[in-house]
Amino acid sequence: MTQQRTLAYWQQLATTVSIEGRAYIDGEYRDARSGETFDCISPIDGRLLGKIASCDSADADIAVANARATFNSGVWSRLAPARRKQVLIRFADLILEHQHELALLETLDMGKPISDSLSIDIAAAANSIRWNGEAIDKVYDELAPTAEDQIGMVTREAIGVVGAIVPWNFPLLMACWKLGPALATGNSIVLKPSEKSPLTAIRVAQLAVEAGIPKGVLNVLPGFGHTVGKALALHMDVDCMVFTGSTRTAKQLMIYAGESNMKRVWLEAGGKSPNIVFADAPDLREAARAAASAICFNQGEVCTAGSRLLVEESIREEFVAMVAEEMKAWQPGNPLDPNTNIGAVVDQTQLNTVLSYIEAGKEDGAQVCGGGAQLHKESGGFYVAPTIFNGVTNSMRIAREEIFGPVLSCIGFDSLEQAIEIANDTDYGLAAAVWTSNLSKAHRAAKALRAGSVWVNQYDGGDMTAPFGGFKQSGNGRDKSIHAFDKYTELKATWIAI
Ligand code: NAD
């Protein structure tokens with residue numbers, strides 16, 4: 001479908017699309033109680049897109065009270081799962097019916113290529129809602145293996161009011177990884193999108209009500225982390241906080257839970273994922289292509305970005321040259337052009353961060369083999385050339401810290417053991433990949449890697465059927481798959497004497 005649309009089509013649509021920046025509470029758009037707003041700037045060209053409600057604790061109190069009231073009323077929480085399923089399928093259909101509008105909002109707001117917004121972000125967001133809806137009337141509870149005179153029922157109940165705080169790199173998709181299972185299991189939700197990319201979350205809240213989700217079940221509060229985000233995380237009437245974002249904020253949310261009501265806290269945080277290429281990889285060209293994509297896709301603003309490329313020394317020079325060659329196919333361009341595969345970095349601050357890491361790599365003695373500079377400055381937007389460093393050691397800052405931009409660090413290794421040691425020598429544990437034709441080596445590596453997802457002879461495989469999340473400081477809990485329902489339910493044991 002994207003191929004049939006042109007740059008002119010998207011530019012025209014951008015002139016007519018309406019930008020809604022207000023909060024969505026109890027089924028209606030409202031200004032923040034304080035009346036405060038902040039600017040929504042497009043990273044494509046630095047243009048002001050609109051004003052966004054700057055919510056704070058007053059708005060959090062109202063939204064949580066609404067969510068609590070609808071939860072207690074049972075209007076959604078006690079609906080038969082088969083009924084919730086029908087509504088969620090309708091919600092997914094509505095997201096797809098509005099896919100052009102939503103894809104455009106996503107691209108204008110955070111700078112990713114329109115082709116990706118349409119075929120990946122919006123499509124996968126709708127799929128998350130649909131998959132969870134379809135699953136919920138196929139999940140059974142349990143009977144415990146009790147003595148003859150007892151029945152022990154083990155049931156799952158909706159947890160209550162869920163606070164969801166999400167990042168800006170896949171704004172609607174990360175929200176829908178939370179909304180799908182939270183809504184399917186019957187909870188009421190207060191969602192806080194990132195201040196850098198609030199538009200699609202604000203828009204879909206209305207589609208949810210149009211689909212039949214009762215007013216007050218899904219509320220959206222745009223605003224900053226230290227104001228409305230913190231208010232939700234400290235709120236005494238939020239039962240569960242689900243989060244995707246940086247490890248720094250994730251740790252803070254655990255503290256807030258401890259300081260308030262011990263709400264359950266489920267965290268999906270950062271990564272510094274190793275992509276390990278052995279000399280016996282089945283197809284080095286394919287591995288090089290995947291390595292380039294693993295760091296360039298979504299401008300490198302991906303939690304699972306393959307940011308550490310570990311290459312067996314015997315092929316390192318040859319392979320790094322191949323990756324550098326493949327990275328030339330990733331040329332930052334106008335995100336509204338359907339042929340663009342890498343767009344703008346989300347804002348000036350993120351651009352500065354990426355550029356400062358490029359400088360840090362040079363200072364620490366790594367060699368730049370491609371990229372290394374800001375691009376298209378005259379556009380008023382924020383673009384950076386995909387950058388590859390060779391001769392990196394795992395102690396350099398560019399190998400240890402999450403850059404969240406298209407900057408690749410190539411590190412050599414001599415043996416399987418050394419590759420695993422370097423791969424696991426990180427605070428993070430989100431994902432890892434291994435390329436080899438040797439089945440035993442692949443299995444040994446996959447077992448030894450301390451990561452929530454391991455890919456063999458591919459990078460970034462997966463769909464809704466498998467859990468996604470991190471070991472170590474990449475988080476706890478899992479998004480996606482039936483396992484995600486665990487985060488949004490409490491287990492109850494009911495004992496019946498017979
Ligand atoms: P961030 O932590 O700065 O912000 C994430 C969200 O938290 C935003 O909505 C922000 O407003 C809010 N926030 C910030 N401070 C807060 C506070 N004190 N209290 C409450 N809320 C607060 O992260 P980001 O820059 O938006 O996103 C990038 C990060 O997200 C990267 O580290 C990336 O790896 C991670 N990420 C992880 C996954 C995953 O599934 N593990 C997926 C996508 C992104």
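Which N or O atom lies 3.4 Å from a nitrogen atom of the ligand? One in the side chain of Y256 does.

A word on the basis: this is a predicted model, where local features need pLDDT of at least 70, side-chain atom pairs need 80 or more, and totals for chains, interfaces and linings use all residues. Numbering runs from 1 along each chain as its sequence is written, and side-chain values use heavy atoms, leaving out hydrogens and water.

1. Polar contacts (pairs of N or O atoms within 3.5 Å) also involve K192, with a polar side-chain atom 2.9 Å from a ligand oxygen. At A269, a backbone N or O atom is 2.8 Å from a ligand nitrogen.

2. The shell holds 28 residues, and E195, S246, T249, A269 and E402 come nearest; a residue is near if one of its heavy atoms lies within 4 Å.

3. By class, 14 shell residues are nonpolar, 9 polar and 5 charged; Gly counts as polar and Tyr as nonpolar.

4. Domain 1 (15–143 + 152–268) and domain 2 (272–454) each give at least three residues to the shell, with bounds from an automatic or database assignment.

Terms used
Polar contact = N/O pair within 3.5 Å; in protein donor to acceptor, adjacent residues only side chain to side chain.
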